[in-house]
Amino acid sequence: MIEPETSPAFNDCRWIGTYAGGGGAGLYPLLDHDDGLAIGAACLDASNASFGAYASRFDLHYLVDERDDGTLGVHRYADHEWRRLAQVTTGGAAPCHVALDATQSWVAVANYMSGSVALYRLDASGLPIAPPFVHANSGSGPDPERQLSPHAHWVGFGPDNRTLYVTDLGTDELLAFPFDAERGILGTPYTAFAAPPGSGPRHMLFHPRHPRTAYLACELTNTLVVLDVDDTGLSERATLSTLPPAWHGANIVAHIGANAAGDRLYVSNRGHESIAVFALDPHGDATPIQHVASGGLSPRFFMMSQDERRVVVVHERDHRVTVLDILPDGTLAPTGLAVTVPGAAFAFVS
């Protein structure tokens with residue numbers, strides 16, 4: 001049982017998921033005291049929680065355990081205590097992303113190392129029903145270090161809940177599965193978008209207000225691809241760099257997010273150690289307007305709290321969690337708030 005020593009200044013309790021290989025012991029509560037950030041004692045029942053999703057329908061959190069024999073844990077947080085209700089296999093290695101469909105009746109998981117996606121139906125209490133549907137991709141890309149085999153890195157359901165999408169960093173593909181939530185049918189996958197060779201598509205984001213526009217963050221080429229979405233696939237509208245024009249150095253892209261208003265988009269750079277901010281016009285077209293220092297090394301993930309106008313940034317390489325302010329124009333500013341979290345990988349709200 002975890003009881004913070006003092007009440008955090010955040011409106012809700014933030015938690016940091018950690019990698020065991022980086023020294024993480026589980027989930028750490030992130031506390032905001034008057035004298036700065038701190039962490040509490042770790043919950044030990046959620047190891048390698050590098051990503052997760054929350055189902056409000058069941059008040060449950062679905063957290064991956066990113067290891068060779070990957071699992072998905074089902075957790076509930078109540079009365080200052082985490083309880084793991086179930087743990088099921090993801091049917092692959094190194095699960096790194098999880099998503100719920102719009103009805104919160106299905107949960108999908110991307111297995112990075114095995115290049116596969118697993119799909120579970122949820123029972124009346126929100127627990128996954130075994131066995132899952134598992135589809136493993138095939139193929140490779142031109143990068144001899146990162147693309148020798150498929151690497152599913154993101155999974156998500158389309159705005160109409162009729163398609164399950166998967167980004168494959170290893171094969172430079174965005175796959176699409178026709179999906180029927182009511183009948184429980186997942187159709188034959190097809191390549192909805194063939195990304196440029198060697199680009200390494202990592203995460204995709206649908207525009208929060210315009211479902212016919214999506215954004216693809218490509219890890220290996222440090223690019224943001226603006227996509228038009230139609231009933232048969234996706235097509236490139238524009239491609240922009242996530243880095244400043246005059247900067248040269250090793251970098252790979254990580255997380256992508258947008259504000260609820262749909263006029264600002266954010267992408268984190270690992271190497272440049274920044275978050276790139278893009279202005280989105282009424283048509284969803286993107287224009288870079290800022291690169292702000294993230295405050296640590298290798299910003300793997302960030303979590304936006306628009307009510308509090310803050311961004312929590314999780315840095316994998318130096319195990320550091322920082323906080324940035326969201327300014328009125330949607331740009332970001334450092335706050336100086338930071339804390340060390342061993343194995344830091346992911347942040348979420350309980």
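Predicted model: local features only at pLDDT ≥ 70, side-chain atom pairs only at ≥ 80, totals over all residues.

Q: Let's begin inside. Which residues touch the most other members of the largest nonpolar core?

A: Look for buried nonpolar residues whose side chains touch one another. Here the largest such core has 43 residues, and the ones touching the most other members are Ile16, Leu27, Tyr62, Leu72, Val98 and Val321.

Q: Let me pick Tyr62. What does Tyr62 touch, not counting residues up to four places away in sequence?

A: Quite a list! Among them are Phe51, Ala53, Leu72, Val74, Val98, Leu100 and Leu122. Notice that Leu72 and Val98 were also named with Tyr62 in the core.

Q: Now the rings. How many aromatic pairs does the structure hold?

A: It holds 11 of them. To describe a pair, you look at the distance between ring centres and the angle between planes, and over 60 degrees counts as edge-to-face. Take Phe51 and Phe301: their centres are 5.9 Å apart and their planes stand at 85 degrees, so this pair is edge-to-face.

Q: Where in the chain do Phe51 and Phe301 sit?

A: They come from distant parts, 250 residues apart. Phe51 is in the loop between β3 and β4, while Phe301 belongs to strand β25.

Q: Are Phe51 and Phe301 buried or exposed?

A: Under 20% relative accessibility counts as buried. Phe51 is at 11%, so it's buried, and Phe301, at 7%, is buried too.

Q: What kind of aromatic pair do Tyr77 and Trp82 form?

A: A tilted one: the centres are 4.9 Å apart, with 45 degrees between the planes. Tyr77 counts as buried at 17% relative accessibility, and Trp82 counts as buried at 7%. These two also share one aromatic cluster with Phe51 and Phe301, along with Trp15, Phe346 and Phe348.

Q: You mentioned β25. Is that strand enclosed or open to the outside?

A: Count its buried residues: 6 of the 7 are buried, so β25 is largely enclosed by the rest of the structure.

Q: And which strand does β25 pair with?

A: Strands of a sheet pair through backbone hydrogen bonds, either parallel or antiparallel. β25 pairs with β26 in the antiparallel sense, over 6 bridges, and Met303 stands opposite Val312 in β26. The two strands make a hairpin with 4 residues between them, and Arg309 in the turn has a positive phi of about 55 degrees.

Q: In what order do the strands of the open sheet come?

A: Follow β8-β9-β10-β11, with antiparallel pairing. To find the edges, look for strands that pair on one side only: here those are β8 and β11. On average, neighbouring strands of this sheet are turned by 20 degrees against each other, ignoring direction. Inside the sheet, β9 and β10 are joined by 6 bridges, and Ala108 stands opposite Leu119 in β10.

Q: Last one: where does Asn137 lie?

A: In the loop between β11 and β12. Asn137 counts as buried, at 16% relative accessibility. For a polar residue, look at what its side chain meets. The Asn137 side chain makes a polar contact of 3.4 Å with that of Thr171 and another of 3.1 Å with that of Glu173. Leaving aside neighbours within four places in sequence, the residues in contact with Asn137 also include Gly115, Pro150, Asp168 and Leu175.

Note on methods: Residues numbered from 1 in each chain as written. Heavy atoms only, no water. Core = buried A, V, L, I, M, F, W, Y, C linked by side-chain atoms within 4.5 Å. Buried < 20%, exposed > 50% of the residue type's maximum accessible area, 1.4 Å probe, protein only. Contact = heavy atoms within 4.5 Å. Phe/Tyr/Trp six-rings, centres within 6.5 Å; stacked < 30°, edge-to-face > 60°. Pairing = 2+ DSSP bridges. Axes fitted to C-alpha atoms, helices over the stretch in contact; angles between N-to-C directions. Polar contact = N/O pair within 3.5 Å; in protein donor to acceptor, adjacent residues only side chain to side chain.
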